[in-house]
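Thanks for coming. I have one structure to go through, so let me put it on the screen.

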Amino acid sequence: GVKRFILTKSQYSSPKKPDSERLKEKLISAIKQCKRSFLPTIVITDSIKEASRHINSHIYIADVNGEKCVSDKQEMCICVGSEGGFSNDEIHFLQNEHPTTLINLGKTRLRAETGAIAATTLLGVS
């Protein structure tokens, strides 16, 4: 059910830029393994503001202070931060630009990749 990945630099992320070709190869491998026929797009941006321009739905932000994951939305954007999560400024920016809900993914600290998988599962993305 995931249609697009938007990767962006945030205040706490590492300065290394993602390799889009490597990511595309991993996506192709994953859709073959899952027997899916749709290749999600990858968008790489340099800031939260730029990434926000690609979002046109309700945003769920993974945050330790968030609430239990519940959604009745057909379309949604799930935001999972880097090692340190999103800064307060980044969260406030997104909240001012889009309808936003902070969600808690549980007590365990997760890597960004694992957090994205957990969030899609908990929010019922199929």
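Predicted model: local features only at pLDDT ≥ 70, side-chain atom pairs only at ≥ 80, totals over all residues.

Now the strand between them. E3 covers residues 58-67, and seven of its ten residues are buried, so the rest of the structure largely encloses this strand. What does buried mean here? The cut-off is under 20% relative accessible area.

On one side, E3 pairs with E4, residues 76-79, in the parallel sense over four bridges. On E5, residues 100-103, the count is five bridges to E3, and these two strands also run parallel.

Which residues face each other across those pairings? Take Ile-61: its bridge partner in E4 is Cys-79, and in E5 it stands opposite Leu-102. Ile-59 has Thr-100 in E5 as its bridge partner.

Last, the helix. H1 runs over residues 20-33, which is 14 residues. From first C-alpha to last it reaches 20 Å, close to the 20 Å expected at 1.5 Å a residue.

What caps the N-terminal end of H1? That is Asp-19, with a side-chain oxygen 3.1 Å from the backbone nitrogen of Glu-21. Just after the helix, Lys-35 takes a positive phi of about 55°.

That is what I have; questions are welcome.

Notes
Residues numbered from 1 in each chain as written. Heavy atoms only, no water. Buried < 20%, exposed > 50% of the residue type's maximum accessible area, 1.4 Å probe, protein only. Pairing = 2+ DSSP bridges. Expected span 1.5 Å × (residues − 1). Polar contact = N/O pair within 3.5 Å; in protein donor to acceptor, adjacent residues only side chain to side chain.
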